[in-house]
Amino acid sequence: MEIKKLEGAIEAILFAMGDSVEVEKIAKAIGHDTETTTKLIHNMMDKYQQEDRGIRIIELEHAFQLCTKTEYYDYLIKVAKQPKKLVLSDVAMETLSIIAYKQPITKSEIEKIRGVKSDHAINKLIEYNLVTELGRLDAPGRPILLGTTEEFLRNFGVQSLEELPALSPVQIEDFKAQAEEEVQLRLNI
């Protein structure tokens with residue numbers, strides 16, 4: 001099959017599916033290996049960028065998705081109903097950060113780090129499809145293990161968890177100092 005037809009097939013698959021599609025599934029559909037398929041998709045991504053098209057292909061942990069460019073959002077909302085924008089509270093953002101960096105993690109481990117109950121924040125993150133249940137820990141009570149989703153990657157503009165910014169030792173020390181200060185304040189009350 002010639003390259004134009006392969007690109008057309010890939011574009012049709014990504015458009016029709018709407019969500020991300022694993023590269024293995026795309027490769028199987030077009031009859032090529034994953035390495036060749038990935039190269040084809042990366043070439044398509046470059047073409048879309050060069051041609052300044054209204055759509056783009058994003059990569060999310062061995063999967064690809066066709067989506068609109070963010071700079072065309074203002075045009076889209078004039079035609080479509082404005083999508084509900086996710087607004088995360090500081091508590092939800094803190095909880096999400098813990099899950100992203102420590103996953104897989106249990107609710108009790110999150111609460112131990114935060115020092116307070118986290119039921120509401122975790123439920124909101126699951127509702128927003130930013131966090132999901134990954135399974136159960138092989139321990140007494142079989143607690144649920146939590147981790148981030150593809151939607152998390154999409155919303156935060158990263159292809160994989162490895163792209164999350166690393167915490168510097170200075171930041172870690174600052175966090176420890178703040179936590180110790182908060183504990184001391186609680187003890188003085």
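Two strands pair if DSSP finds at least two bridges between them. Helices (H or I, at least four residues) and strands (E, at least two) are DSSP runs, numbered from the N terminus. This is a predicted model, in which local features need pLDDT of at least 70, side-chain atom pairs count only at pLDDT 80 or more, and totals for chains, interfaces and linings use all residues. Residues are numbered from 1 along each chain as its sequence is written, and side-chain values use heavy atoms, with hydrogens and water left out.

**View 1. An open sheet of three strands.** The strand order is β4-β6-β5, and the pairing is antiparallel. β4 (105-106) and β5 (131-136) are the edge strands, each pairing on one side only. β5 and β6 (residues 144-148) are joined by five bridges. In this pair, Gly135 stands opposite Leu145 of β6. Helix α5 (residues 90-102) packs on the sheet and touches β4, β5 and β6. Contact means heavy atoms within 4.5 Å. The directions of α5 and β6 make an angle of about 95 degrees. Axes are lines fitted to C-alpha atoms, for helices over the stretch in contact, and angles run from 0 to 180 degrees between N-to-C directions.

**View 2. Helix α1 against helix α3.** Two packed helices are described by the angle between their axes and the distance between the axes. For α1 (residues 3-17) and α3 (residues 34-50), the angle is about 85 degrees and the axes are 10 Å apart. α1 is therefore roughly perpendicular to α3. Angles of 65 to 115 degrees count as roughly perpendicular, under 35 as roughly parallel, over 145 as roughly antiparallel and the rest as oblique. From α1, the contact uses Ile3, Leu6, Glu7, Ile10 and Glu11; from α3, it uses Leu40, Ile41, Met44, Lys47 and Tyr48. Seven of these residues are nonpolar, none polar and three charged. Here Ala, Val, Leu, Ile, Met, Phe, Trp, Tyr, Cys and Pro count as nonpolar, Asp, Glu, Lys and Arg as charged, and the others, Gly among them, as polar.

**View 3. Helix α2 against helix α3.** Helix α2 (residues 23-30) packs on α3 at about 100 degrees, with the axes 9 Å apart. The two are therefore roughly perpendicular to each other. Val23, Glu24, Ile26, Ala27 and Ile30 of α2 meet Thr34, Thr37, Thr38, Leu40 and Ile41 of α3. This contact of α2 with α3 has six nonpolar, three polar and one charged residue.

**View 4. The largest nonpolar core.** A nonpolar core is a set of buried Ala, Val, Leu, Ile, Met, Phe, Trp, Tyr and Cys residues joined through side-chain atoms within 4.5 Å. Buried means under 20% relative accessible area, exposed over 50%, partly exposed in between (1.4 Å probe, protein chains only). The largest core has 20 residues, and Ile99, Ile110, Leu125 and Phe152 have the most contacts inside it. α5, α7 (119-127) and α8 (150-156) each supply at least two of its residues. α5 gives the most, with five.

View 5. The peptide bond from Gln103 to Pro104 is cis, with omega near -5 degrees. Pro104 sits in the loop between α5 and β4. Asp52, in the loop between α3 and β2 (55-59), has a positive phi near 50 degrees. Asp52 is partly exposed, at 48% relative accessibility. Arg142, in the loop between β5 and β6, has a positive phi near 45 degrees.
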